[in-house]
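Open the model in your viewer and keep the sequence panel beside it.

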Amino acid sequence: VPRQVLQFLPGRGEVVGATLVNDPRVKGVIFTGSTEVAQIIHRNLTARAQQEGAEIALIAETGGQNALIMDSSALPEQVVTDVLVSAFDSAGQRCSALRVLCLQKDIADKTLIMLHGALKELCIGSPDRLATDVGPVIDSEAQGNLLRHIEQMRAKGHAVTQLPLPRECENGTFVSPTIIEINALSDLSREVFGPVLHVLRYSRDELPQLIQDLNATGYGLTLGVHTRIDETRDFVTDHARVGNVYINRNIVGAVVGVQPFGGEGKSGTGPKAGGPLYVHRLQGVIDVPPVIIGASKDKQANPVLATFLDWASTQGHDGLAQKGDAYARSSLNGACIELPGPTGERNTLTFSPRGRILCDASTVDGALHQLAAVFATGNVPVMLSSALAGLPKGLPTAVRNAIQLLDEQDILSAHLDLALLDTDSAGALRPQLAARPSDVGGLVQVIETRDDALIPVWRLVAEHALCINTTAAGGNASLMAMAG
């Protein structure tokens, strides 16, 4: 790689990273790390955008409360192997690492006996030795945080299973692989980044609530499902708000171009690394990338958009109707791409609405333009209560009812996934959106809109990668691989 193309500057983030983020010559930032640091970077770039009058692209891939759900139809031997890899490889220091193992109560005891037995086989030591399974954590601060969490959970009465630390590891920043049983996801206030696995039991009829609880954490990076029941697989993938879902395999080790990687909510901004939109985000393009235009679509009827465009045509807003129709034709909502992969594995990338999108413009035409883009991509428009009165009086009732209202004082706490703001609105609202605390939700990125320019509607959808180990559906995947 030419020296002028790539520069490597090692150092502490608060020194080197902060200097680079605040330098006016830097026009884009790709960050992997904690949700809290991503929020700091977002605020710094927002301040720069206000001063420089131009957006600085940010792609952030942050942490996750990653879970693996096992039902009673799953193969325990395979689950135990996948859990050990997902939770303890790299000493659990992967953003995709498994944090919560959810076991159906019918098979929980049997699986835990096997898991505890397998845990004893792990070798803790220096990572430069081939025999080592679990090495040290990154520094003494991380070690201290993990050890405090383990002791706090033990003090609260949670069952804790932990490997003894070898004598030769006592002076390093080692944390023994640990399994902690919890009663509810609410027992965890944040991600525990290291070789600590939490185990939660659930009943079959509690699966819908379990998915709701996982969604409610606000994180959405990786999720694993071990089941041989297609309906269970489909239910979880349809309802979980997670960027990467893995069926009957481990949940780490995404391959570029095969499992595009990235989360949503508090787990990242998108687009996915290794996916078709990544470079386009850095380029700031408007049009849909050609690789996706031909993707298969399962587009559902959009009666609100149809009503909106019919009204625009009858009211003389011909330009608005044309834009809305163009947005609907190019919308990625419902598109699905088959991705390459090894034999015995199926990989797909699908696109769905981001969710609640704040719309604010200083003109009626600007507001209607934003609504056209949001409706065309299947999202929910959110408008400030004061702005709704500025819309045309004859706007159809179905369209008005589809718009959710937000009081300005609630902007710091309301659930928002994106914002469409014109130049005037961006000046006032962008700093408020950047000031939202990290515990409220993910970063709310702003797309500035103009009446005379198209909106990049591909940024209004979320990407979901699904990886299915098809060899595991009928038997033990390891045995089948050996037989081959």
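Predicted model: local features only at pLDDT ≥ 70, side-chain atom pairs only at ≥ 80, totals over all residues.

**Stop 1: helix α3**

Select residues 76-88, which form helix α3. This helix has 13 residues. From its first C-alpha to its last it reaches 18 Å, close to the 18 Å expected at 1.5 Å a residue.

Is α3 enclosed or open to the outside? Ten of its 13 residues are buried, so the rest of the structure largely encloses it. Colour the buried ones: P76, Q78, V79, V80, D82, V83, L84, S86, A87 and F88.

**Stop 2: α3 against α4**

The crossing is right-handed.

**Stop 3**

Step off the end of α3 to S90, which follows the helix. Its phi is positive, near 60°.

Now click A91. This residue is in the loop between α3 and β4, the strand at 100-104. Is A91 buried or exposed? With a relative accessible area of 1%, A91 is buried, the cut-off being under 20%.

**Stop 4: P136**

Select P136, in the loop between α4 and α5 (140-155). At 26% relative accessibility, P136 counts as partly exposed.

What does P136 touch beyond its neighbours within four places in sequence? Its contacts are A91, Q93, G125, P127, T173 and F174. A91 from the previous stop is one of them.

Draw a distance from P136 to Q93, C-alpha to C-alpha. The separation is 9.7 Å, for residues 43 apart along the chain.

**Stop 5: R167**

Move to R167, in the loop between β5 (160-162) and β6 (178-182). R167 counts as exposed, at 72% relative accessibility.

**Stop 6: α2 against α15**

Select residues 35-52 for α2 and residues 423-434 for α15. Their axes lie 9 Å apart and pack at about 165°. The two helices are therefore roughly antiparallel. The crossing is left-handed.

Show the side of α2 that takes part: Q39, H42, R43, T46, A49 and Q50. Then show A426, G427, R430, P431 and A434 of α15. How many residues of each class make this contact? There are four nonpolar, five polar and two charged.

**Stop 7: α10 against α12**

Select α10, residues 303-314, and α12, residues 364-376. These axes are 9 Å apart, at an angle of about 150°. α10 and α12 are therefore roughly antiparallel, and their crossing is left-handed.

From α10, show V304, L305, F308 and W311. They meet L368, L371, A372, F375 and A376 of α12. By class, this contact has nine nonpolar residues, no polar and no charged ones.

**Stop 8: N248**

Click N248, in the loop between β10 (244-247) and β11. Phi is positive here, about 55°, although N248 is not a glycine. N248 counts as buried, at 6% relative accessibility.

**Stop 9: a cis peptide bond**

Finish at G270 and P271. What kind of peptide bond joins them? The bond is cis, with omega about -5°. P271 lies in the loop between β11 (264-265) and α8 (278-283).

Conventions:
Residues numbered from 1 in each chain as written. Heavy atoms only, no water. Axes fitted to C-alpha atoms, helices over the stretch in contact; angles between N-to-C directions. Helix = DSSP H or I, 4+ residues; strand = E, 2+ residues; numbered from the N terminus. Left-handed = near helix turned anticlockwise from the far one by under 90°. Expected span 1.5 Å × (residues − 1). Buried < 20%, exposed > 50% of the residue type's maximum accessible area, 1.4 Å probe, protein only. Parallel < 35°, antiparallel > 145°, perpendicular 65-115°, else oblique. Contact = heavy atoms within 4.5 Å. Nonpolar A, V, L, I, M, F, W, Y, C, P; charged D, E, K, R; others polar.
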